[in-house]
Structure formats: C-alpha cells, structure tokens
Amino acid sequence: TEDLRTKFPFRKVSVAFFDCDLYCATRDVLNWLRPYLTEGSLILMDDWRTYGEAPELGQPKALYEFLKANPQFEAEGLSSFPINGKTFQIHMKKKGSN
C-alpha cells in the first residue's frame, strides 16, 4: 500500500521475485515497484508460463502493458527457471531512443 512507502525507506530494486499467478496481481506489483526500478533491476516471474506462451494472459500481459505505459523502461528476457519462471533485467531507455 502507499502507507508502506511512508513507513519504510525503500531503496532501488536489485531483485524482485514475483509469485503472482494472475494478471491483476502482477499488474499491481509492477505499478507499485515502478519508482524503485532502476538500470539492472532483476525481476523473476515464477508464473510467466502459467498460461503457456499466450502473451495476452497472466504475467506476460501485465509486463507488456506496464512497458507500454512506462516507455522509460525496457525488459530484457534472460533465463527461464523451473517450472514456469522467467527472469528479466530492467534497462532504462535513453531519452530520444525508441
């Protein structure tokens, strides 16, 4: 919640592990983490392939929508991990780049 931001002095994210099966939970976590993401932040999504390879469902949908709404970020897909997981590294786009 927003109360957490005032109670705790959070620092930039080094590693965030998402255990969110659903699109809406992943969307909410990404939006909450937005101010803490920085160049090199790692995001591990353990339910990336819960719905197979469908980009319009679950965690893939949430990440794609987040990136579209926040064009300052890029997410580089790194390794997969058992059973349905995928790791991403966050990059900050340089101003004026697409």
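Reader: In which loop is I83 found?

Author: This is a predicted model. Within the model, I83 lies in the loop between β3 (73-81) and β4.

Reader: Which residues does the cis peptide bond join, and what is omega there?

Author: As a general idea, most peptide bonds are trans. Here a cis peptide bond joins P82 and I83, with omega at about -5°.

Reader: Let us turn to helix packing. How do the axes of α2 and α3 cross?

Author: Two packed helices are described by the angle between their axes and the distance between the axes. In this structure, helix α2 (residues 23-33) and helix α3 (residues 58-69) have axes that come within 8 Å and cross at roughly 35°. The crossing of α2 and α3 is right-handed.

Reader: Which residues of α2 and α3 make the contact?

Author: From α2, the contact is made by Y23, T26, R27, L30 and N31; from α3, by G58, Q59, K61, A62, L63, E65 and F66. The residues of this contact of α2 with α3 divide into five nonpolar, four polar and three charged.

Reader: What does Y23 touch, leaving out residues up to four places away in sequence?

Author: Y23 is placed in helix α2. With residues up to four places away in sequence not counted, Y23 touches G58, K61, A62 and E65. As for F73, Y23 is 50 residues from it in sequence and 19 Å from it in space, C-alpha to C-alpha.

Reader: Which residues of α2 are buried, and against what do they pack?

Author: The buried residues of α2 are Y23, T26, L30, W32 and L33. These buried residues of α2 pack against α1 (2-7), β1, β2 and α3.

Reader: What does W32 touch, again not counting residues up to four places away in sequence?

Author: W32 has its place in helix α2. On that count, W32 touches T1, E2, L4, R5 and F10. The C-alpha atoms of W32 and T1 are separated by 8.0 Å, although the two residues are 31 residues apart along the chain.

Reader: Next, the nonpolar core. Which residues of the largest nonpolar core touch the most other members?

Author: The largest nonpolar core has 20 residues, and F18, L30, L33, L37, I43, M45 and L63 touch the most other members. Two or more residues are given to this core by each of β1 (15-18), α2, β2 (42-45), α3 and β4 (85-92).

Reader: With what is L63 in contact, leaving aside its neighbours within four places in sequence?

Author: L63 is then in contact with L30, M45, W48, A75 and F88.

Reader: How many disulfides are counted?

Author: A disulfide is a covalent bond between the sulfur atoms of two cysteines. The criterion for a pair is sulfur atoms within 2.5 Å, and by this rule the count here is zero disulfides. C20 is in no disulfide, the nearest cysteine sulfur being that of C24, 9.0 Å away. Likewise, C24 is in no disulfide, and its nearest cysteine sulfur, that of C20, is 9.0 Å away.

Reader: Is C20 buried or exposed?

Author: C20 counts as buried because its relative accessibility is 11%, and buried means under 20%. C24, at 35% relative accessibility, counts as partly exposed.

Reader: Finally, where is the place of G77, and what does G77 touch beyond four places in sequence?

Author: G77 is in strand β3. Not counting residues up to four places away in sequence, G77 touches K86, T87 and F88. G77 is partly exposed, with a relative accessible area of 39%. Between the C-alpha atoms of G77 and E56, 21 residues apart along the chain, the separation is 17 Å.

Terms used. Residues numbered from 1 in each chain as written. Predicted model: local features only at pLDDT ≥ 70, side-chain atom pairs only at ≥ 80, totals over all residues. Heavy atoms only, no water. Axes fitted to C-alpha atoms, helices over the stretch in contact; angles between N-to-C directions. Left-handed = near helix turned anticlockwise from the far one by under 90°. Contact = heavy atoms within 4.5 Å. Nonpolar A, V, L, I, M, F, W, Y, C, P; charged D, E, K, R; others polar. Buried < 20%, exposed > 50% of the residue type's maximum accessible area, 1.4 Å probe, protein only. Core = buried A, V, L, I, M, F, W, Y, C linked by side-chain atoms within 4.5 Å.
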